[in-house]
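Dear colleague,

Please find the structure below, followed by a short account of the findings.

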Amino acid sequence: MGFLDTLFGRTKPVQPKLDDLFALPSAAVQLQAAMGFTPTGSGSVSFKAVAGKTFSDIERDVQDLLNMDTGKPGGGGLPVEVTKDNYGYTWLVANHMSDEMEALVTDLHAVNSALVDNGYGPQLLCTLVAFRDDSQRSLALVYLYKRGTFYPFAPLPGRQDDHDTGLELEVKGVLGDDLKIEQDMTRWFPIYGAPGL
Amino acid sequence: MAVRTRYAPDRGLTVRMTATMFLLGLVFVAFVALIIGIMAATHSSLGAIIVVALIFGGGTAFISLFYSDKIALAAAGAREVSPREAPELHAIVDRLCALADMDKPRVAISPTAMPNAFATGRNSKNSVLCVTNGLLRGSRLTPEELEGVLAHELSHVAHKDVQVMTYASLLAIVAGLLVRFAFYSEIFGGGRGRGGNNSQAALLIPLIMLGSALVYVISFLLIRLLSRYRELAADRSGALLTGNPGALMEALKKVSGGMASIPTRDLRSAEPLNAFYFAPALRPNGQGLANIFSTHPSLQKRLEELAKVQRQLNQTTPGDR
């Protein structure tokens, strides 16, 4: 915030950064090679719906936009699910086959762009892409729109109050060169039970 | 620009805040001129009092700014809580901070039964957000309403309100001290002979007292006015952040209603923290005059302003732009 904004107690809406999302496919390759985590094929976009009627229209638009993809010949895209979490955020979950990372990222980017084009950029919270390894450990790479950075989140099965910090730090070490990892670890907020995870 | 229309700043509020700060500055300049005038007219004995008041007042303000988080937490009997102790509270704050792209403050819970919340700290790295047990459990806020309250408090942090209000209060602190010093030197120092200066000093001390008292009263009223504007600004930013002004309005109604039914002892012990609370712990008894002494705008005023934000959010449909 600038000096004048502080002086007058104003908050400028923070616009999201979208393009860094395209670093995900190469990071996924790296993650698989180094740690054996493969994409599950699902990813999700989370945003804060503005209370009011106009926003439900946007949600429908976004859903239509993504569902169109299923009609493509040879495309493996599946319909998105719209869910709401306990904290009042809307999640759009897109499902692809596990080897279609590029298509998944394209879908997620399409959702983001649709929301940003309609002026809802400041409402975007995060995007996540899910991974799993052979021993069925889950991992998500979470993209923070406002920072343009990623952080790993590794839930522990059945736990809502703890996560695998060791694994997360390991991922940070492996992907440090491929992805812009969020350096301020207080911003690595846990997303227990997030849709798409 | 598409987004700019939805988040248009409230120009009226900006203008009023500018005017208030300008007046505060004007009083400050007049006060400094008075001090310089007095120092020029007399010799060191009176100048020393003024310098002591400045150092003492400045020191007090600096310490209260630097330790504001610790002082406020201690005064509220609050305890910092880890994400494991209060997962939901942390989760809401985490998400709001990610939306607003701001540093996450520490989170604390105060055992008070009075439903309220406050945020303090000199900057975003050293700030703490505190909610009372009454707010979490007693007030029956829905998660959206709680989120609205937390967004309001986070806006205080983002607006650096503790810093702004401390700088604004500096003058009042110094002026208040000068009144007291001049008063004491009148009582204790007046009788003692102090050479040729005596008759001059006897005339000047009441003058300083009068001037300082006047400055104190004016700046006090201006600070309260500024505080009310900062509350409206935080309401507005908070509502824009959650995109849900209605929830904040409901929370305000519930919390204000709860305030009236609290035992008076609790109300009095909470008084020093008033300026940073979500809702004032002391209710003005009447309308009109009581309002100009209040740190918070009236409930009605806050609801009206939030209703404006709500209209603004609903009006601009995506297709318009």
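How much area do chain A and chain B bury between them? They bury about 3,400 Å², 55% of it on carbon and sulfur atoms; buried area is the accessible area (1.4 Å probe) that two parts lose on being put together, summed over both. A:Phe8, A:Tyr87 and A:Arg187 supply 17% of what chain A buries against chain B, more than any other three residues.

This is a predicted model, in which local features need pLDDT of at least 70 and side-chain atom pairs count only at pLDDT 80 or more, while totals for chains, interfaces and linings use all residues. Residues are numbered from 1 along each chain as its sequence is written, chains are lettered from A and ligands numbered from 1 in the order in which they are written, and side-chain values use heavy atoms, with hydrogens and water left out.

The contact (heavy atoms within 4.5 Å) takes 37 residues from chain A and 41 residues from chain B. Five salt bridges cross the interface, a salt bridge being a side-chain nitrogen of Lys or Arg within 4 Å of a carboxyl oxygen of Asp or Glu. One of them joins A:Arg187 to B:Asp103, with the closest N and O atoms 2.8 Å apart.

Yours sincerely
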